[in-house]
Amino acid sequence: MKPKELFLSHSSKNCLVANRITVTLRNHGIPVWYSPTSIMTAQQWQDEIGKALRRCDWFMVLLSTKSVESIWVKRELHYALRHNQYDDHIMPVIIEPCDFEELSWTLELFQMADFTNNENQAYTQILNAWGIGFDQTKAS
């Protein structure tokens, strides 16, 4: 089932790839909560992250050496793993080789998309989870 809203967890040091993924998913009709475009100036960003985590029904975490080191990615993932709304709705996405078990040993239990080998194949895999075909012309 297509997400009502997907929470995108990422390291701010991976914003270029996070932005590209966000645009591509939005172009395919997936509503994405992505902090750089979802938090307005003067809002308390910690509060906005918390509201989004409570509201969203899918959780995608971009895995990289920087995200594995990020305390905020770890906090967001921990929230998703503890709350029923994300049961079977957590999608780890490898954007560079890393030891993702440092974030959580449970990540290996989820089907992962891997952008390191074939980006189009990763988009296909992600969108197929929601019954949507990947249209390369909508890729960012």
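Reader: Is Cys 98 buried, partly exposed or exposed, and what is its relative accessibility?

Author: The model is predicted, and the value is computed from it. Buried would require under 20% relative accessible area, and exposed over 50%. Cys 98 falls between these cut-offs, so it is partly exposed, at 21%.

Reader: How many disulfides does the structure hold?

Author: A disulfide needs two cysteine sulfur atoms within 2.5 Å. For Cys 15, the nearest cysteine sulfur is that of Cys 98, 17 Å away. Cys 98 likewise has the sulfur of Cys 15 as its nearest, and is in no disulfide. The number of disulfides is 0.

Reader: What is the relative accessible area of Cys 15?

Author: Cys 15 is in no disulfide. Cys 15 counts as partly exposed, and its relative accessible area is 34%.

Reader: In what order do the strands of the open sheet stand?

Author: E1 (residues 6–9) is joined to E2 (residues 32–33) by 2 bridges and to E3 (residues 58–63) by 4 bridges. E1 runs parallel to E2 and also to E3. The sheet has 5 strands with parallel pairing, and the order is E2-E1-E3-E4-E5.

Reader: Which strands stand at the edges, each with a single partner strand?

Author: In general, the strands of a sheet pair through backbone hydrogen bonds. An edge strand here has a single partner, so one of its sides is left without a neighbour in the sheet. The two are E2 and E5 (113–114).

Reader: Which residue of E3 stands opposite Leu 8?

Author: Leu 8 belongs to E1, where Leu 6 and Leu 8 lie on one side and Phe 7 and Ser 9 on the other, all of them buried. From the other side, Phe 7 stands opposite Phe 59 in E3 and opposite Trp 33 in E2. For Leu 8, the residue opposite in E3 is Met 60.

Reader: Which helix makes a β-α-β unit with E1 and E2, and what is the handedness of the unit?

Author: The helix is H1 (residues 15–27). H1 lies across E1, E2 and E3, at about 145 degrees to E3. With E1 and E2, helix H1 forms a β-α-β unit that is right-handed.

Reader: Which strands does helix H5 touch?

Author: H5 covers residues 71–82 and packs on the sheet. Its direction makes about 145 degrees with that of E3. The strands touched by H5 are E1, E3 and E4 (90–94).

Definitions and conventions. Residues numbered from 1 in each chain as written. Predicted model: local features only at pLDDT ≥ 70, side-chain atom pairs only at ≥ 80, totals over all residues. Heavy atoms only, no water. Buried < 20%, exposed > 50% of the residue type's maximum accessible area, 1.4 Å probe, protein only. Pairing = 2+ DSSP bridges. Right-handed = clockwise from strand over helix to strand, strands pointing away. Contact = heavy atoms within 4.5 Å. Axes fitted to C-alpha atoms, helices over the stretch in contact; angles between N-to-C directions.
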